[in-house]
Amino acid sequence: MASMLLNSMRSCSVSHSWAMRFGARSLSATAPLQAQVQTKSKKTLARPGVKNIVLVEGVRTPFLLSGTTYVDLMPHDLARAALQGLLNRTGVPKDAVDYIIYGTVIQEVKTSNVAREVHRHTHTPAHTFTLQSGYSIMTGYCQCDAVVAGGVEFMSDVPIRHSRKMRKTMLSLNKAKTLGQKLSLIGSIRMAHLSPELPAVAEFSTAETMGHSADRLAAAFGVSRVEQDEFAVRSHSLAKKAQESGLLEDVISFKVPGRDIVSKDNGIRPSSMEQMAKLKPAFIKPHGTVTAANSSFLTDGASAVLIMSEEKALAMGYKPKAYLRDFVYVSQDPKDQLLLGPTYSTPKVLERAGLSMSDIDVFEFHEAFAGQIMANLKAMDSDWFAQTYMGRKSKVGTPSMDKFNLWGGSLSLGHPFGATGCRLVTTVAHRLKKEGGQYGLVAACAAGGQGHAMVIEAYPQ
């Protein structure tokens with residue numbers, strides 16, 4: 001409680017210096033389902049002598065609220081379902097895949113390398129890495145011609161540890177040789193030993209939950225409760241329209257053992273501003289602005305994509321969905337700028353690709369919190385922030401909302417930490433095709449004050 005109070009007090013000085021510079025951003029609660037993007041004649045981002053990397057296909061299980069239909073499964077069950085769905089949709093032979101990479105954040109201790117568990121009875125090597133909101137997709141194609149990249153998160157059954165005192169006692173008990181030693185250790189157990197350590201979506205270095213940080217960030221940039229609620233309503237409304245219109249083509253049906261077939265996300269819940277206003281702050285009480293409704297929810301789900309060199313894909317008879325072009329990783333202050341990854345990564349990836357914001361036809365940003373999105377938009381639109389904190393001469397500018405997250409986002413579709421990156425990239429590829437655009441941009445924040453962005457180019461029709 002003391003650290004939370006100090007964090008709240010600290011945010012007052014930060015928000016006073018920042019919020020005065022950032023006014024309210026007008027945001028319509030609705031947006032067109034399909035942007036009217038005209039196909040443009042732009043240069044290709046292909047580089048002489050550099051192998052073209054393509055996205056062949058991407059799928060995901062339905063993203064479900066934790067504690068619902070997937071509750072009796074394990075993470076590798078979902079990961080296997082996504083991988084099998086990818087294999088079924090593409091027909092790719094198992095021996096054609098050079099490598100499998102999976103991301104997960106809160107790991108199941110029994111399956112520490114979940115990537116290997118999803119495809120165990122093959123000779124394909126596999127590894128798992130941990131990066132919240134991470135892109136296994138970005139690291140998988142350096143030395144291979146065919147890679148499966150994916151992610152899984154299972155929040156219905158997270159590891160809950162014994163207290164440190166209890167763990168030490170249990171380990172000592174395991175080593176005890178005499179009955180007297182064992183009885184002595186058992187007799188030393190007190191009620192304090194029995195208090196479990198519950199997991200939290202919190203930063204180790206600051207001991208601050210991500211939601212608390214999002215609330216402080218919103219205050220620092222002067223993002224109002226109304227702005228956040230409007231964006232959340234927009235996200236759910238657009239996701240519902242996309243779902244009903246059959247645009248979420250990456251979702252595969254999954255027969256849950258002992259239960260029914262699941263075929264759609266279950267966290268999409270359009271609401272009204274009046275209903276949103278009734279919710280109380282979830283993190284900074286009683287005056288915070290981040291609520292359960294304008295935050296992404298704890299989600300179970302898995303995703304997988306097939307990435308190939310263009311040469312390999314064409315030789316195997318595939319029609320790629322998109323080119324994966326440039327990408328960057330960034331890192332900034334995990335205390336006051338934990339969720340500003342898109343602000344820092346977007347200008348860097350655009351520079352690397354030789355593009356500007358106006359060149360981008362499709363934007364897909366990870367929506368951890370509505371306040372985080374709105375704060376990033378304000379930071380990206382500020383010369384002062386760019387010059388003071390980023391060492392840049394001018395702002396990068398903000399995406400047009402007519403191009404931004406038009407099929408919903410993590411607030412509404414769900415956010416299984418390790419699986420969101422594949423969803424974002426696959427969505428960009430699908431939207432580019434649907435809307436006739438050429439360039440798409442993915443950006444996300446990540447735990448530890450990190451962030452990443454990627455430029456994607458439409459594949460010629």
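Patches are made of residues with over 30% relative accessible area and no salt bridge, with like charges joined within 9 Å and nonpolar side chains (Val, Leu, Ile, Met, Phe, Trp, Tyr) within 5 Å. The legends below describe a predicted model, in which local features need pLDDT of at least 70 and side-chain atom pairs count only at pLDDT 80 or more, while totals for chains, interfaces and linings use all residues. Residues are numbered from 1 along each chain as its sequence is written, and side-chain values use heavy atoms, with hydrogens and water left out.

**View A. A nonpolar patch on the surface comprises Leu 179, Leu 183 and Ile 186.** Together these residues have about 320 Å² of accessible area (Shrake-Rupley method, 1.4 Å probe; for residues, only the protein chains shown count as cover). Leu 183 lies in helix α5, residues 179–187 (helices are DSSP runs of H or I, at least four residues, and strands are runs of E, at least two, numbered from the N terminus). Leu 183 is exposed, with a relative accessible area of 52% (exposed means over 50%, buried under 20%, and partly exposed in between; 1.4 Å probe, protein chains only).

**View B. Strand β1 (residues 53–60) pairs with β8 and with β9.** Pairing requires at least two bridges found by DSSP between the strands. Strand β8 (residues 299–309) runs antiparallel to β1 and is joined to it by 7 bridges, with Gly 58 opposite Val 305. Strand β9 (residues 322–331), also antiparallel to β1, contributes 2 bridges, and Leu 55 has Ala 322 as its bridge partner there. In β1, 8 of 8 residues are buried.

**View C. Asp 265 and Arg 60 form a salt bridge.** The closest N and O atoms are 2.8 Å apart (a salt bridge is a side-chain nitrogen of Lys or Arg within 4 Å of a carboxyl oxygen of Asp or Glu). Asp 265 is in the loop between β7 (261–262) and α8 (273–277), and Arg 60 is in strand β1, 205 residues apart. Both residues are buried.

**View D. Arg 216 and Asp 336 meet in a salt bridge of 2.9 Å, N to O.** Because Arg 216 lies in helix α6 and Asp 336 in the loop between β9 and α10, the pair ties together parts that are 120 residues apart in sequence. Arg 216 is buried at 4% relative accessibility, and Asp 336 is buried at 14%.

**View E. Arg 431 forms a salt bridge with Glu 364.** The closest N and O atoms are 2.9 Å apart. Arg 431 belongs to helix α14 and Glu 364 to strand β10, 67 residues apart. Relative accessibility is 0% for Arg 431 and 0% for Glu 364.
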